[in-house]
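Hi,

Here's the structure I said I'd send over. Could you open it up and follow along while I go through what turned up?

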Amino acid sequence: MNRVAAALVAMVVLVGGVGAASAQEDSRGFMGFGPNFFGGASDANPIPRTTVNFASNYAPGTIYIDTAERRLYLILQGGQALRYGIGVGRDGFRWGGVHRITAKKEWPSWTPPSQMLRRRPDLPRHMAGGIDNPLGARAMYLGSTLYRIHGSNEPETIGQAVSSGCFRMTNEDVQDLYDRVRVGTTVVVKN
């Protein structure tokens, strides 16, 4: 009987180990797509969206981004703001200024700028919008810059400095912000 019990335990460990290994593999490794891209319950936001007190002279509806804090604030009435966690530009790619949202797109396509292609010649020249696109579910384009506020399929990068200057949000948060702002919204970036 001990031999049968040992064989059953070994089988359970083996099957459990295979299942655990499979759960860690992710076929979306191209361009660093993370395992939580599809959102939902498994898309644990490392920095949950919250309403906070925020004293400022900015008009309600203004977006204020603090790159050092790695937070984006949507200014509300009454001295409050919605605070979102964001990923920001890595060293050498952070910037500041005032711009406006000039376009909004759902499931945007992506064409890497020439500067990025020089750094990363392995990147595709164009990607259609959709689940595999690194801009995620929504993008808001900032003036005449190359930068956007956009979704990300790598929620684990929120709160970190990892981008080439764009502001990353979880897909859930970028959809929330997208629905709250319009083309023409002022975006203040403090670096």
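This is a predicted model: local features need pLDDT of at least 70, side-chain atom pairs count only at pLDDT 80 or more; totals for chains, interfaces and linings use all residues.

**Salt bridges**

Let's begin with arginine 49. Find glutamate 172 in helix α3 (residues 171-180), then look for arginine 49 in the loop between α1 (2-24) and β1 (50-53); because of where they sit, the pair ties together parts that are 123 residues apart in sequence.

In total, the structure has nine salt bridges. Which residue does aspartate 66 meet in one of them? The partner is lysine 190, with 3.8 Å from N to O. Aspartate 66 belongs to strand β2 (residues 63-66) and lysine 190 to strand β11 (residues 186-190), so here the parts tied together are 124 residues apart in sequence. Is aspartate 66 buried or exposed? With a relative accessible area of 9%, aspartate 66 is buried, whereas lysine 190, at 42%, is partly exposed.

One more to look up is the salt bridge between the side chains of glutamate 106 and arginine 138, at 3.9 Å from N to O. This pair also links distant parts of the chain: glutamate 106 is in strand β6 (residues 97-106) and arginine 138 is in strand β7 (residues 138-142), 32 residues away. Arginine 138 has a relative accessibility of 12%, so it counts as buried. Some salt bridges share partners, and in that way Arg49, Glu172, Asp173, Asp176 and Arg180 are joined into one network.

**Rings, and charges over them**

Now for the aromatic side chains. How many aromatic pairs are there? The structure holds six. One of them brings together tyrosine 64 and tyrosine 73, with ring centres 6.3 Å apart and planes at 45 degrees, which makes the pair tilted. Tyrosine 64 is buried at 11% relative accessible area, and tyrosine 73 is buried as well, at 5%. These two tyrosines, along with Phe54 and Tyr58, form one aromatic cluster.

**Two backbone angles to check**

Most residues other than glycine have a negative phi. Which way does arginine 70 go, positive or negative? Its phi is positive, about 60 degrees, although arginine 70 is not a glycine. You'll find arginine 70 in the loop between β2 and β3 (71-75), and it is partly exposed at 26%. Tryptophan 107 also has a positive phi, near 45 degrees. Tryptophan 107 is in the loop between β6 and α2 (114-119), and its relative accessible area of 35% makes it partly exposed.

**The largest pocket**

How much space lies in the largest pocket? About 580 Å³. It is lined by 26 residues, and the closest to its centre are Trp110, Met116, Ser163, Ser164 and Arg168. Three elements, α2, β8 (148-150) and β9 (161-163), each give two or more residues to this lining. Of the elements, α2 gives the most, with three residues. Sorted by kind, the lining has 13 nonpolar, seven polar and six charged residues.

**One last stop**

Proline 155 is in the loop between β8 and β9. With 2% relative accessibility, proline 155 counts as buried. Its C-alpha atom is 9.4 Å from that of isoleucine 47, and these residues are 108 apart along the chain.

Methods. Residues are numbered from 1 along each chain as its sequence is written. Side-chain values use heavy atoms; hydrogens and water are left out. A salt bridge is a side-chain nitrogen of Lys or Arg within 4 Å of a carboxyl oxygen of Asp or Glu. Helices (H or I, at least four residues) and strands (E, at least two) are DSSP runs, numbered from the N terminus. Buried means under 20% relative accessible area, exposed over 50%, partly exposed in between (1.4 Å probe, protein chains only). Rings of Phe, Tyr and Trp (its six-membered ring) pair if their centres lie within 6.5 Å; planes under 30 degrees apart count as stacked, over 60 as edge-to-face and the rest as tilted. On a 1 Å grid over the protein atoms alone, a cavity is a set of points where a 1.4 Å probe fits but cannot get out, and a pocket is an open set with protein on both sides within 12 Å along at least five of seven lines; lining residues have an atom within 4 Å of a point. Grid points are joined across faces, edges and corners, and a volume is the space filled by probe spheres set on the points. Ala, Val, Leu, Ile, Met, Phe, Trp, Tyr, Cys and Pro count as nonpolar, Asp, Glu, Lys and Arg as charged, and the others, Gly among them, as polar.
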